[in-house]
Amino acid sequence: MRAERRGMFAGIVSALVSTGVAAQQKPAPVQPAQLQVSLSEAVRRALEVQPAMVQARGDVRNAGAGGLSAWGSFLPTVTTSASASRSNQSRFDPNSTQRLDPGYSYSGGLTASLDLFDGFRRIANLRATSADQDAAGAGLVGQRYQTTLATQQAFFTALANEELVRVAEAQLERAKQEREIAVNKFQAGAATRSDTLTATVDVGTARLALLQANANLATAQANLGRQIGVDQPVRALPDTVLPGLPDTTSLRGPALRAAPLVEQAEAAARATGARTWTARSQYWPSLTLSYNNSRTGTDAPNLPLFGNYRETFAWRFGLSWTLFNGFTREQSQVSANVTHDVAVARAGDARRQVNAQLTQQLAALFTAYTQIEISGANVAAAAEALRVTQERYRLGAGTLLDLLTAQANITQAQVNHVQARYNYLIARAQVEALVGHAL
């Protein structure tokens, strides 16, 4: 009676196995060709489409326009005008006392003005706009590396999840083999029904893990597509060469001087320092020179210079000096000094921030690199342990629990090895983004 129940149970398990195999053998639907990009191509695309990069390039253009305007303030302002008018009132001939019928009158003029002295305001603005351009340039470099870092993180995440899918597929294959062994041993009377049930549960768990791994891969590829400006999931093409550990012995000094974050903060401090002199220019007088030339007549003008009209011109020198304006100048000076003090404090804090983050990122870099070696050795050891445990289970010297434990160990070792390699690549990218140059 026990043999009959054992045979019936074995048949049920075999049917479940055959059903699962048949489900696995269903033809997959034809999918459109998926876009594949290398890391360099992904970074190039991201630098073109990311809004932060567009904004950073716009800041550089705005700063350049501000510098041009600061230089232009040293040049005279020139305006010209021309007009023609007709009235329904009679008019007098300027050369006689006769009244003439209504007609057209024409006028043209040229005006030029130049600030000869403005209390050094233009010089201070020139210094401030130059510092603004330096800050915008440093901001562009920093944003380029931040965008590169975000792209690398999305790229490496997609690669890691693709490898984790292969790990999950291998886990499922091992679980199926273990279930087949358990069923065969059960049919031969060398295993219990509990072994076959446990092996079947392990197969289901492996299938769930594979489903989750595929979902994570789809999400990572969709995020990579968004990062590079593509409206579809994108597959990351792996690089077969893992970069070695960089030389970081002389990295800290240049980073504290030339890191984009430090350069941007120091340029901002220089700009606010120059603007304190702009506020002080209100205490100085201003001297202006202007010239005006106008011509008016009723005959048809000789364009464009109105040469047939009598010329009227005037030169003017103007001096303006604000002696008291209700302490508004003092308020502007205090506000400019406070802004400068804050900018100087932020520049110092930016340098300390880079120093602290560099220590943190270098520690993560060396840790991840060491984890690669350790996790690789663990994979080799777990693979050998699984082989020995499988052989012992076939021979009846081991239990299914030992086999499942060995399988879980190798799966976890493989996952750790994948994560260690991509943690190292991401840590390397974070250091490059911080110091502002490739390692």
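Predicted model: local features only at pLDDT ≥ 70, side-chain atom pairs only at ≥ 80, totals over all residues.

Student: How many helices and strands does the chain have?

Tutor: Helices (H or I, at least four residues) and strands (E, at least two) are DSSP runs, numbered from the N terminus. The chain here has nine helices and eight strands. Of its 439 residues, 36% are buried, where buried means under 20% relative accessible area, exposed over 50% and partly exposed in between, with a 1.4 Å probe and protein chains only. Contact means heavy atoms within 4.5 Å, and among contacts between residues at least 6 apart in sequence, 80% join residues at least 24 apart.

Student: How is a pair of packed helices described?

Tutor: Two packed helices are described by the angle between their axes and the distance between the axes. The axes are lines fitted to C-alpha atoms, for helices over the stretch in contact, and the angles run from 0 to 180 degrees between N-to-C directions. For helix α8 (residues 328-395) and helix α9 (residues 400-435), the axes come within 7 Å and cross at roughly 160°. Angles under 35 degrees count as roughly parallel, over 145 as roughly antiparallel, 65 to 115 as roughly perpendicular and the rest as oblique, and α8 and α9 are therefore roughly antiparallel to each other.

Student: Which residue classes make up the contact of α8 with α9?

Tutor: That contact has 25 nonpolar, 15 polar and three charged residues. Ala, Val, Leu, Ile, Met, Phe, Trp, Tyr, Cys and Pro count as nonpolar, Asp, Glu, Lys and Arg as charged, and the others, Gly among them, as polar.

Student: At what angle do helix α3 and α4 pack?

Tutor: Helix α3 (residues 51-72) packs with α4 at about 165°, their axes being 9 Å apart, and that makes α3 roughly antiparallel to α4.

Student: Which residues touch the most other members in the largest nonpolar core?

Tutor: A nonpolar core is a set of buried Ala, Val, Leu, Ile, Met, Phe, Trp, Tyr and Cys residues joined through side-chain atoms within 4.5 Å. In the largest one, which has 34 residues, V37, F155, F156, L224, I228, L358 and Y422 touch the most other members. At least two residues each come from α4, α5 (193-227), β6 (234-236), α8 and α9, and α9 gives the most, with ten residues. Leaving out residues up to four places away in sequence, L224 touches V37, T151, A154, F155, A158, V234 and A236. A second, separate core of 15 residues includes V379, L386, Y393 and L400.

Student: Is A381 buried, exposed or partly exposed, and where does A381 lie?

Tutor: A381 has its place in helix α8 and is partly exposed, with a relative accessible area of 49%. Although 29 residues separate A381 from I410 in sequence, the two are 8.4 Å apart in space, C-alpha to C-alpha.

Notes: Residues numbered from 1 in each chain as written. Heavy atoms only, no water.
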